[in-house]
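Hello,

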Amino acid sequence: MRFLSGSTVAACTALWLGALAPASADSPVTYTDTGRALFSFSVPDFWAVRTGGPREIEDTELGDLRAVARVMAIRPVTDDNVWMGFVSPAGVTSIEGGLQYLEDIDKFLVEDPSISSTSDTRIGGLPARVIRGAGTRDGRGINFTATVIDLPNGRVAVAVAILRNGADPAYVDDLNAVFASFRALQ
């Protein structure tokens with residue numbers, strides 16, 4: 001999908017609206033938790049995958065810790081203006097619980113978030129809630145899309161895509177292809 005204006009806002013808005021143009025996303029990865037496969041998706045060619053185990057991050061304003069589930073993140077190898085991460089937090093069993101989880105960790109993802117829209121959709125045939133907005137991260141303007149996908153057996157997948165201002169809008173095709181490839185494995 002091409003955007004004549006080159007606007008990252010338009011690119012982020014187009015993300016997950018169902019315009020899933022084919023892209024080269026053919027390296028499958030599987031998200032697991034304690035040896036159990038929860039979901040899979042395909043990573044575009046020339047994108048890097050990084051994983052990290054569960055950890056706690058400190059809320060410096062409140063002085064308390066926030067649990068963060070195992071993160072599986074992807075980004076283009078030659079561009080750090082685009083990032084997408086997936087988690088499946090233990091104990092979060094519904095879309096509403098996933099939204100609460102996002103509220104608990106949002107300040108670590110986006111500073112001064114402003115929500116522009118919220119919608120219900122289906123991803124991989126599963127119910128999902130999508131939140132789009134803008135804010136800042138590391139002092140730079142960003143657009144973000146946060147999605148909570150209702151997985152079988154009382155789990156959710158939480159996905160966040162971040163596009164910094166100035167990101168090439170062509171990456172939206174790759175991000176859409178990742179979501180088109182998303183499948184629950186339970």
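To start with a question while you have it open: which residues does Phe 86 touch, leaving aside those up to four places away in sequence? In this predicted model, the list is Tyr 31, Phe 39, Phe 41, Arg 70, Val 71, Met 72, Val 158, Ala 159, Val 178, Phe 179 and Phe 182.

The largest nonpolar core has 49 residues, and the ones that touch the most other members are Phe 39, Phe 41, Met 84, Phe 86, Ile 149 and Phe 182. Strand S11 gives this core its largest share, eight residues.

Now for the partners of S11:

- Strand S7 (residues 82–87) pairs with S11 in the antiparallel sense, over six bridges. Here Met 84 stands opposite Ala 161 of S11.
- Strand S10 (residues 140–151) pairs with S11 in the antiparallel sense too, over ten bridges. Ile 149 has Ala 157 in S11 as its bridge partner.

S10 and S11 form a hairpin with three residues between them. If you look at the turn, Asn 153 has a positive phi of about 60°.

Helix H3 (residues 171–181) deserves a look as well. It is mostly covered, with ten of its eleven residues buried. Among the buried ones are Val 178 and Phe 179, and both of these are touched by Phe 86. Others in the buried set include Tyr 171, Val 172, Leu 175 and Ala 177, along with Asp 173, Asp 174, Asn 176 and Ser 181.

Finally, the overall picture. The protein chain holds three helices and twelve strands, and 46% of its 186 residues are buried. Its accessible surface comes to about 8800 Å², with 51% of that belonging to carbon and sulfur atoms. Among contacts between residues at least 6 apart in sequence, 58% join residues at least 24 apart.

Best wishes

Methods: Residues are numbered from 1 along each chain as its sequence is written. This is a predicted model: local features need pLDDT of at least 70, side-chain atom pairs count only at pLDDT 80 or more; totals for chains, interfaces and linings use all residues. Side-chain values use heavy atoms; hydrogens and water are left out. Buried means under 20% relative accessible area, exposed over 50%, partly exposed in between (1.4 Å probe, protein chains only). Helices (H or I, at least four residues) and strands (E, at least two) are DSSP runs, numbered from the N terminus. Two strands pair if DSSP finds at least two bridges between them. Contact means heavy atoms within 4.5 Å. Accessible areas come from the Shrake-Rupley method with a 1.4 Å probe; for residues, only the protein chains shown count as cover. A nonpolar core is a set of buried Ala, Val, Leu, Ile, Met, Phe, Trp, Tyr and Cys residues joined through side-chain atoms within 4.5 Å.
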